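Okay, folks, let me put the next one up on the screen. We'll go through the cavity and then the sheet.

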Amino acid sequence: MHGEYKVPGGKLVVVDLDEVDGRLSGVRLSGDFFLEPDDLLERIDAALEGAPAGLDIEALAARVRAALPADATLLGLTPEAVGVVVRRALAQASEWRDHRFSLIHRAPEAPALHMALDQVLAEEVAAGRRGPLLRVWEWASPAVIIGSFQSLSNEVDLDAARARGVAVMRRISGGGAMFVEPGNTITWSLVVPESLVQGLSLVDSYAFLDDWVINALQELGIEARYVPINDIVSPAGKIAGAAQKRLRGAVLHHVTMAYDIDVDAMLAVLRIGKEKISDKGIKSSGKRVDPLKSQTGLPRDEIISRMSASFAARAGLEPGDLTAAELERAERLAREKFEDPAWLARVP
């Protein structure tokens, strides 16, 4: 069995192993990490040899940690990452390059249709009717998108949203509210087969699926890093937030990044409480989002193009589009579900 795992902020770790009578056998760890002393790799392999194949990530990491001498140095690798890669090998997880990703980037569309497209495309990937994809959203109008489990009245000032012409939508994934504007927001959806995140915990899957974003932002000159469970930040502030929805057979993972947000408008329609601000360690609500425009000096379209190229370098990317049937389903779902007041107010 073969497993690979790119440690968020670290290096690639690879394992090859067999499972014999319910135990690990022939464990061979490798990767582009750094270890000292020189025999550390052999010690880690030996610690895993013969371990029960049913051990979880924490138990596998504990075996590795117990084998480390006091002077051990691990750079780009952690005992937990070893546990993850072993679990991925045992689960026969797929890798990025095992799939053919398509890029869907269409003209601006209504917020309700974006909500519906996410659901329809995730269902199509789950059913095996289309391959994994990266979809760039273009917004036809400003909107507030709240998480599936958020309270509508606690999160949004509906009167202010109505007065400013801001649509209010509820998505199918959890997480917090996001404020979006045409031309000022960069939003992505990544829809992948469940096999790509096999062996990862929910928290680890966020970091795994966001790692390409971190890499792309760093290539743009931003000191980006991941903050569990779903934030991407730089020394200047928060850049992006992610959310996920699991379907049987597929994972929908979407990210919203601020390019040049109208902070006054955002604060007028979102009820950003003191508790949420203090939880982020931020002194004022106006500093919760730091636009990419100020950190890169690049046009929005160029950022999208360069990030797409970064993804393509990792996983491959081919031009794609919706089928007529997918678009028809999404348009119907937008009308029947996402524009329905009952769905919006499912948590009043």
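**The cavity and the sheet**

By class, the lining of the largest cavity comes out as 7 nonpolar, 3 polar and 1 charged residues. Nonpolar here is Ala, Val, Leu, Ile, Met, Phe, Trp, Tyr, Cys and Pro, charged is Asp, Glu, Lys and Arg, and the others, Gly among them, are polar. A cavity is a set of points on a 1 Å grid over the protein atoms alone where a 1.4 Å probe fits but cannot get out, and lining residues have an atom within 4 Å of a point.

Quick caveats: this is a predicted model, with local features needing pLDDT of at least 70, side-chain atom pairs pLDDT 80 or more, and totals for chains, interfaces and linings using all residues. Numbering starts from 1 along each chain as its sequence is written, and side-chain values use heavy atoms, leaving out hydrogens and water.

So who lines it? Among them are Trp188, Asp210, Trp212 and His253. α7 (202–219) gives the most, with 4 residues. Helices are DSSP runs of H or I, at least four residues, and strands are E runs of at least two.

Now the sheet: 8 strands, open, mixed pairing, in the order β12-β13-β14-β15-β11-β7-β6-β16. The edge strands, β12 and β16, each pair on one side only. Pairing takes at least two DSSP bridges between two strands. β6 and β7 run parallel over 4 bridges, and Ser102 has Leu133 in β7 as its bridge partner.

Conventions. 1 Å grid on protein atoms, 1.4 Å probe; cavity = no way out; pocket = protein on both sides within 12 Å on 5 of 7 lines; lining within 4 Å.
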